[in-house]
Amino acid sequence: MKIDVHVHTRKVKSGDAVTRNIETQEFADILKNTDVKILAITNHNHFDLKQFEEFRDGVSTDCQIWPGIELDILENGVRSHLLVICNPKNYVQFNENAESILSGKNPDTFTISLEEVVEKFDALDCVYIAHYRVKKPDLGDAELEHLAQIVSNSKRILKEATNAISVGIYISHGHNSIYGTDIHDWKDYVELSKTLPELRLPVESFEQFCLLLEKDEATINTLLDKKVKENIEIVPFTAAELIRLDIYNDINILFGSKGTGKTEILESLSKYYNSKGYKTHVYKSNDAHLNDVFDLKGSNFNVNVPEFGIGECLDEIAFLKEVTEEEVTSLTKYKLHFSVEETNKISQKLKIKSINQEDETNSLRKLKDVKEIYDEFVYFIEYIEENEKLKEYIDQPLIDELIQILEKFISKLIDETENKFVESKSTYLLNHIITTFLNEISKKTGQPPKPTKTGFAEYCRNRIKIELAAKKILSNIKTAIAPIEEYAGSLGEKGELMCQTNLFIQNGNFTESNYSSVKNVKKTPQKEFVRELKSILAHIFSNDLFEKIAKMNDIEGVESINTVSDLLLKYRHFTLNGKLYSPSNGESSMILLHKELMDEKDIYLIDEPEKSLGNDYINDVIVPLLKEKALLGKKVIIATHDANIAVRTLPYNSIYRLHDQNQYFTLTGNPFSNSLKCIYGTTPDLDWKEISMKTLEGGKAAFGERGKIYGN
């Protein structure tokens, strides 16, 4: 949730932009498109009671609206600005007090002293936010010191900066600081809101916010307790050093000097969670190589062409490998038959020998067609009867009606199947009888049998079938396959890294050396097979067709090619912004960590993720990912030396390993209370801020950057 302590909703001063004006409905619509959950209305020298109530009620389910005002301060002859934000419970009295000092005054020329401000507003439970340094016109250090002396609670005074960077600088120098949008044009608000301070603790009221400013331990613990946590015991070292930890469903940071046992604690946590049924491991940046993780060699990569809408052609390839020539009946057989005079009187009377054989192909094809249709209907009825979920959506009577209709279809198809079967078998038996009689007559009479058919139809059908098979295979081979892209990870400002798999079906001429076979087939037989296939197609109507088929079957390794999938080639590589890219070692570390965090799991155990990573990448990519996991209620446990991670994530739990006088101590705490307490009370409490800046690499700079997130 984000907070905006400086918002204008009215053009009050003559120098104010008209675009600061906004009406209730538009205000509500804009806020719904942001993560802003607390907003203070602070118009220049003006408080609009009616507008405050309308805005508050208009967004009551989405955002807290706090009453406030931006006053022109005149102190020691110098003019400056001070935001006064009041407890919403006191908004009516706040309005009356504001009217008492502003009534009849010109907002362009109005000024008030700090003494008067405190006199009018301090009793109403207020927070004071002064323009400071680069935020003009600013209140000086002397004036701020005076304000601190006259208010009832000096911890309620904050210094307003212009952005996160200046806030970070102020905080690193010991100043409590914050900033808001100071919005000039509401059409820009949604985008500007993305840069606002973020509340890590779920602040539910103005009172809680004020207690956080005072680092009230009871309030902090109350807010922390709203987050799910688990108290666990581990023994990472010896039985004498039992460690009890509260692990939150949020970010848990493990830090300390090198050699204090952080890795051992992570490994012990992994064993603990594995024993509870989770599958966890400790991610270490140097344990894996990017090329192996994404299997660039494709050792485990396997696909089949039907996944891309391409036919396997299993039957066609098998047919071409096994096909033989169909013989045409030679004229010699007819000559032999008619050269011998038929003298057997019984044979002369047999009419069956003069009957021509019928073509069986057509009847067999029709039988096959009707059988396939019948099988589909039977399968559909079985599906309806066995699918229990269907009854959740379709009434049983309607299902029964459908089954009855389908059974009528099946009954008709059974009749047709029987008819086609009888027709097919009748033709077969007739042809078989004719052949048998002719052979028997030949045996009895010694006259060579008359050929029953010329064989030309079979010869032609065979050639046509070879042609169709070759064409179908080559047609599927020609089909292009779009590259497969897998998201690898973010390289920050450089762009998004993708792992791309290019697939190509060998066409007989493809020679790219980067490509390797998807299946366990060598590239040479793949290429030769397709070349011979093309040669077969080119010689369909020539006498040497079967020489070409024999040559195909003689290819060494051709037995491993049985489908179009066996001709697949692959090339896996990385791309960045659509171009071939080879990540450096540092970039590989970035991607592997990014991948680890992008994987969906309940527990993330990460050891020194900062290795080989730049500060910008950690801050701009990794830290937001860690916060996202925290918002999703994941357990994120990180051992680190890096302040970008240990500080900027504002962890719910910081676990510090201290080595002092040959002893090791475990202390826990958080940045909200700014303390670290020994889990066994055997060493004094430590200051979270001081230890962080002292122990963590880049600590002071990153600590200042906490200004991006409120909760310090």
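How many disulfides does a search of the whole structure find? The search finds 0 disulfides, a disulfide being a pair of cysteine sulfur atoms within 2.5 Å. The legends below take you through the model view by view.

**A note before you look.** This is a predicted model, in which local features need pLDDT of at least 70 and side-chain atom pairs count only at pLDDT 80 or more, while totals for chains, interfaces and linings use all residues. Residues are numbered from 1 along each chain as its sequence is written, and side-chain values use heavy atoms, with hydrogens and water left out.

**View 1. The whole protein.** The protein has 25 helices and 24 strands; these are DSSP runs numbered from the N terminus, with helices (H or I) of at least four residues and strands (E) of at least two. Its radius of gyration is 42 Å, well over the 27 Å that the globule rule gives for 712 residues, so the protein is more spread out than a compact globule. That radius is taken over C-alpha atoms, and the rule is 2.2 Å times the number of residues to the power 0.38. Along the principal axes, the C-alpha trace spans about 145 × 65 × 45 Å. Of the 712 residues, 48% count as buried, meaning under 20% relative accessible area, with exposed over 50% and partly exposed in between (1.4 Å probe, protein chains only).

**View 2. Two cysteines.** Cys86 is buried, with a relative accessible area of 0%. Its closest cysteine sulfur belongs to Cys126, and at 4.3 Å that is too far for a bond. Cys313 is also buried, with a relative accessible area of 6%.

**View 3. An open sheet of strands.** Here 8 strands line up in the order E12-E18-E19-E11-E20-E21-E22-E23, with mixed pairing. Strand E12 (282-284) and strand E23 (686-687) stand at the edges with a single partner strand each, so one side of each has no neighbour in the sheet. Two strands pair if DSSP finds at least two bridges between them.

View 4. Strand E11 (residues 251-256) runs parallel to E19 and is joined to it by 4 bridges, with Ile251 opposite Val636. Strand E18 (residues 603-607) is also parallel to E19, through 5 bridges. Along this pairing, Ile603 stands opposite Lys635 and Tyr604 opposite Val636.

View 5. The 22 residues of helix H18 (residues 456-477) should span 32 Å at 1.5 Å a residue, and the end C-alpha atoms are 32 Å apart, which agrees. The expected span is 1.5 Å times one less than the number of residues. Buried residues of H18 include Asn462, Arg463, Ile466 and Glu467. The buried residues of this helix pack against helix H12 (314-322), strand E14 (496-505), helix H19 (523-538) and helix H20 (545-553).

**View 6. Ser424 in helix H17.** Ser424 lies in helix H17 (residues 396-445) and is buried, with a relative accessible area of 5%. Leaving aside residues up to four places away in sequence, Ser424 touches Ser363, Leu364 and Leu367, where contact means heavy atoms within 4.5 Å.
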